[in-house]
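Visitor: Hi! I have a structure to look at and I'm new to this. Could you walk me through it?

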Amino acid sequence: MNVNIFVENPLLALLVIMAVGLFLGRLEIFGFRLGVAAVLFVGLVMAAIEPTIQIPPLIYIVGLALFVYTIGLESGHDFFATFRSKGLRNNALALVIFVVVTAAAYGLVRLLTIDGVTGAGLFTGALTNTPAMAAVVDALPALIDDPGELRSSESLPLVAYSLAYPLGVIIVILAIAVMGKVFRVDHQREAVEAGVAVHELYTRRIQVQRDDLAAIADLPEALGLEVIVSRLEREGEQRIPSNSAWARRGDVLSVVGTDEELDRAADLIGEALPGDPFHGHDLDYRRIFVSNNDLVGIPLAKLRPQLSGMLITRVRRGDHDMVATPDTILQLGDRVRVVAPHDRIGKVTRLFGDSYRRLSDVNLLPLVAGLTIGVAVGMLAIPLPGGASLKLGTAGGPLVVALILGALGRSGKVVWQVPYGANLALRQIGITLFLAAIGTTAGAGFRAALSDPSSLTIIGVGALITALISVLVLVVGHKVMKLPFGETAGILAGMQTHPAVLSYVSDVTRNDLPAMGYTSVYPVSMVAKIVLAQILLFALL
């Protein structure tokens, strides 16, 4: 097939790279699968074969911004909620290893007498950070006075970056795959132990055999249970327990939770009874889609006046069922299980919306407005000593803003969240566009530099730096700090600030641990690499 057709038609090249990459990513060889990361390598190979195949840079910029923004929206609430515990721990791990790796890079560049500007460029490629490479280029005028030398030096960081970048992705993915096998990681067990596994929820009737129980609404907290009491049965009559209701000996409570929590509840409250709590009574239940903007982004405790006479017992988000608590915040696209009297079910349904069509008609205005704010924040220059400046860029700005907006949920009438399904679709489109376009960008420079024997030294040093950070994070995080391997791999993906690694790990683990690790360190890692790349440059020149 004549490759000129791809040179003349960038859109066709983009679609072919995406299609072939997504197909190859589904193939599993010896238990190893690349997932969406295969798109990057297809773009790299095509551009290496024919360097004039180029996807416009705007494509990968838009794709990257969309990917990190949707991740931030999804993870914002949990990021800030856990920052004092997991966030501080994870970022301490990242910063210490960054310092060690930067020192090792300085030693390798000096030992092998690599040009300082080239050394800083390969460092940013090994850590797969485009903003850091751009910061190195921006810092050169303040360090090099001679105009001719400056012009000849400005291309060196980009060339070295292009040489080190591909292995900066491949080695990390291979390290995660190999170390996962070496450590014999059971991803499902890790998810269960970390409390992020998808658990089936059940309802069980428990007869009260104690006189010293707290108010029904306070029972879960008082007994340390992750359950909710959905119904109170007394003298054959069933009702929704009010906030002030107390259970008496002989009452029957319908309790919702996982099998393990229900067993604990039965031991602490009384005795589990057989029978279905849903038949032969005046109460009914229904699963309802949340499509009403007025109910999202607000804790259930604050929605009590609107939810009078009904009780939300479960919230299903994606494939994950959660017990509803007063602190639970609904999102568009959630499915809630509501208990209410038969004659109120219709009114309850209308309150929540229950419109799948309305969910599909995504309001893009808040999404675009948030992205606009994020890109603007990424453009802000923060002065650094020596005349250089720091920018979060197209990746860091949208992520930081999305984390904040995701934590807020809404601002007045504006709901920043997008429905769960739409978020996943936009995220997948964003990462695929980014990988296809960035692959062709790196591939062209990769082939051009391979004709120079000294390029092998740059590639080798870059590979050593990438291997060093990969092994250090995985061993120290998983074996020394005893973090789940999935979360540790997510931390590594966040430290590399590369979405392809996160996509691979998420495909392998099929749980939320990698995303938790990724978002906990990504913002700090982005800033740290921009700063350290410039410090390395200052030290080498």
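Guide: Happy to! One term to start with: a residue is buried if its relative accessible area is under 20%, exposed if over 50%, and partly exposed in between (1.4 Å probe, protein chains only).

Visitor: Okay. Where does this model come from, and how are residues numbered?

Guide: It is a predicted model, where local features need pLDDT of at least 70, side-chain atom pairs count only at pLDDT 80 or more, and totals for chains, interfaces and linings use all residues. Residues are numbered from 1 along each chain as its sequence is written, and side-chain values use heavy atoms, with hydrogens and water left out.

Visitor: What average pLDDT does the protein have?

Guide: pLDDT is the predictor's confidence in each residue, from 0 to 100. The protein averages 83, and 92% of the residues score at least 70.

Visitor: How many helices and strands are there?

Guide: There are 21 helices and 13 strands. Helices (H or I, at least four residues) and strands (E, at least two) are DSSP runs, numbered from the N terminus.

Visitor: Which elements have the lowest and highest mean pLDDT?

Guide: The lowest is strand β11 (residues 389–390) with 64, and the highest is helix α18 (residues 454–480) with 94.

Visitor: What does the C-alpha trace span?

Guide: Along its principal axes, about 90 × 50 × 50 Å. Buried residues make up 51% of the 541 residues.

Visitor: Let's zoom in. Is Thr-70 buried or exposed?

Guide: Thr-70, which is found in helix α4, has 0% relative accessibility and so counts as buried. Its side chain reaches the backbone oxygen of Phe-67 at 2.9 Å. That is a polar contact, meaning a pair of N or O atoms within 3.5 Å; within protein, one must be able to donate a hydrogen and the other to accept it, and residues adjacent in sequence count only if both atoms are side-chain atoms.

Visitor: And which residues is Thr-70 in contact with, leaving aside neighbours within four places?

Guide: Those are Asn-423, Leu-426 and Arg-427. Contact means heavy atoms within 4.5 Å.

Visitor: What covers the buried residues of α16?

Guide: The cover includes α4 (57–81), α15 (364–379) and α21. Among the buried residues of α16 are Gly-393, Pro-398, Leu-399 and Val-401.

Visitor: How far does α16 reach?

Guide: Helix α16 (residues 393–408) has 16 residues and reaches 23 Å from its first C-alpha to its last, close to the 22 Å expected at 1.5 Å a residue. The expected span is 1.5 Å times one less than the number of residues. Just after α16, Gly-409 takes a positive phi of about 80°.

Visitor: What about α20?

Guide: Helix α20 (residues 499–509) has eight of its eleven residues buried, so it is largely enclosed by the rest of the structure. Tyr-504 and Val-505 are among those buried residues. Arg-510 follows α20 and has a positive phi, near 55°.

Visitor: Which other residues have a positive phi?

Guide: Arg-184 is one of them, at about 50°, although it is not a glycine. Arg-184 sits in the loop between α9 and α10 (187–194) and counts as exposed at 74% relative accessibility. Lys-482 also has a positive phi, about 60°. Its place is the loop between α18 and α19 (485–495), and Lys-482 is exposed with a relative accessible area of 64%.

Visitor: New topic: how many aromatic pairs are there?

Guide: Rings of Phe, Tyr and Trp (its six-membered ring) pair if their centres lie within 6.5 Å; planes under 30 degrees apart count as stacked, over 60 as edge-to-face and the rest as tilted. By this rule there are four aromatic pairs. One of them is the tilted pair of Tyr-161 and Tyr-165, with 5.3 Å centre to centre and 50° between the planes.

Visitor: Where do Tyr-161 and Tyr-165 sit in the helix?

Guide: They are four residues apart in helix α9 (residues 156–182), so about one helical turn separates them. Both Tyr-161 and Tyr-165 are buried. Tyr-518 and Tyr-522 form a tilted pair too, with 5.0 Å centre to centre and 45° between the planes.

Visitor: Why are Tyr-518 and Tyr-522 separated by about one helical turn?

Guide: Because they are four residues apart in helix α21 (residues 513–540). Tyr-518 counts as buried at 1% relative accessibility, and Tyr-522 counts as buried at 0%.
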